[in-house]
Amino acid sequence: MAQIDLQGKDVVSIRDFNRDEIDYILDTAQLMEPLSKAGSDILKRKIIGTLFFEPSTRTKLSFESAIKKLGGSSLGFAEPMVSSVKKGENLTDTIRVVENYVDAIVLRHPLEGSARLAAEVAIVPVINAGSGTEEHPTQALLDLYTIKRELGKIDGLTIAFLGDLRHGRTVHSLAYGLAQYDDVKLYLSSPSLLKMRREIVDDVSKNIDVIETDQLEPLIPKVDVLYVTRIQKERFPDIEEFEKVARSYEITLDTLRTAKRKMILMHPLPRITEIAHEVDFSPHAKYFKEVWYGMVVRMGLLALILGAIE
Ligand code: NCD
C-alpha cells in the first residue's frame, strides 16, 4: 500500500477519501482504543477550535473528549449568538480570525457548502462536523468503524437505511462511504416524501447495488445492518409537511423478531420515537456503543490530521 499521509488534510466530505485512507483511519482508531483509557499526550500543545453554529451533544463532546484524552485542548462556541456572529460577522471572517488561535477547526453549520467554504479560506485543516443536510463525514467514519468492529468486515454486507433519507446528512455520507467497499447491497427505506436525493442514489449506484423500497418488513431477515434515522423536523420548510410523516415508522422488539442473530441496529442519535426504548437492551442495539466508537475514531482522525502519529 502506498504511504498514506493525512497530515494537514481537510475533512469536508467522505468522498475526499479513498478506501485505503478510510481503512487507515479506522485502523488508527483501533490503536486509540487503549489510549482512550490510559490517556496520552500526543496532541500536547495542540489547540483545536470547535465552532458549532447548530445544536450538538455527541459530536461536540466526543471531539472535545478525544482532544483531551490525547493531551490537547479546545476552545470555541456552541452558541454562536454569544460570539461576534451575533454582530453580523460572516463565516469566512470568523474562520480567518479563529485560525490564528488554533491548529485545526471543527465546524458544524446549517448551510450546505459551509465546510467547503471554510476549508478553502482556512490555512489550518477544517473538519466538517455537519454541513446542513449535505454531509457529516466523521459520523460516517464512526458508522463504518462500528460495522467493522461489530461484524468484522464491511465488504459483502447487506445494509438498510430507514428514515429521513432526504434531509439526514449522516446517511448521505455513509452511503458514499459504503460505496467504497466491495459487494455491498444497500436498501433505502423511507416515507416517499423523504427519499434520498436522486443525485446521491445515482452516484452511489455506480459502485454498489442500491434498492429503494417503502417496505420494511421483508428487509428485516435479509440485512446485516439496519441503520435508522430520525425525521429531521428542523429541516422542513413547512411544519405541515412534517406532520404528514411524523411517527411514520417505529422499530420495536416485534419488528426485529425475524432478524439475523448477529444483525446490528444502528442510529446516529438523537433518537426521538423511531426506536422504542424496549429495544435498547436487545443484543442487536448498538447505538449507544457507537457513541464510544465515535470518540476513538475522532482521536485517530485528529492524531492523523495533526501529524501526531504516522
Ligand atoms: C446527527 C446530525 O447532527 O446530523 N447527529 C449526530 O451528529 N450524531 C443526526 C441527527 O441530528 O439526527
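So, a cavity, on a 1 Å grid over the protein atoms alone, is a set of points where a 1.4 Å probe fits but cannot get out, while a pocket is an open set with protein on both sides within 12 Å along at least five of seven lines; a lining residue has an atom within 4 Å of a point. Grid points are joined across faces, edges and corners, and a volume is the space filled by probe spheres set on them.

Quick housekeeping. This is a predicted model, where local features need pLDDT of at least 70 and side-chain atom pairs count only at pLDDT 80 or more, though totals for chains, interfaces and linings use all residues. Residues are numbered from 1 along each chain as its sequence is written, and side-chain values use heavy atoms, with hydrogens and water left out.

Let's start with the cavity. Around it you'll find R58, T59, S62, Q139, L142, H267, P268, Y287, E290, V291, G294 and R298. The elements giving two or more of those residues are α2, α5 (137–151) and α9; helices here are DSSP runs of H or I with at least four residues, strands are runs of E with at least two, and both are numbered from the N terminus. Which helix gives the largest share of the lining? That's α9, with five residues.

By class, the cavity lining has four nonpolar, five polar and three charged residues. Nonpolar here covers Ala, Val, Leu, Ile, Met, Phe, Trp, Tyr, Cys and Pro; charged is Asp, Glu, Lys and Arg; the others, Gly among them, are polar. And why does the cavity lie between the domains? Because domain 1 (14–134 + 294–305) and domain 2 (137–291) both give residues to its lining.

Now the largest pocket, which holds about 430 Å³ of space. It has 21 lining residues, and R108, R169, R230, L269 and P270 are the closest to its centre. Helices α2 (58–69) and α6 (169–178) each supply at least two of the lining residues. Seven of the lining residues are charged, ten polar and four nonpolar. This pocket also lies between domain 1 and domain 2, because both give residues to its lining.

On to the ligand. Residues around it, meaning with a heavy atom within 4 Å, are R58, T59, R108, H136, Q139, R169, T170, R230, Q232, P268, L269 and P270. For polar contacts, N or O pairs within 3.5 Å, the side chain of Q139 has an N or O atom 3.2 Å from a ligand nitrogen. The Q232 side chain has one 2.8 Å from a ligand oxygen, and a polar backbone atom of P268 is 2.9 Å from a ligand nitrogen. Alone, the ligand exposes 320 Å², and the protein buries 93% of that.

Most residues other than glycine have a negative phi, and most peptide bonds are trans. The bond from L269 to P270 is cis, with omega near 10°, and P270 sits in the loop between β9 (264–266) and α9 (287–305). R247, which is not a glycine, has a positive phi of about 55°; R247 is in the loop between α8 (239–245) and β9. R247 is also one of the residues lining the second largest pocket, which holds about 180 Å³ of space.

Key:
Domains from an automatic or database assignment. Polar contact = N/O pair within 3.5 Å; in protein donor to acceptor, adjacent residues only side chain to side chain. Areas by Shrake-Rupley, 256 points an atom, 1.4 Å probe, with all protein chains shown as cover.
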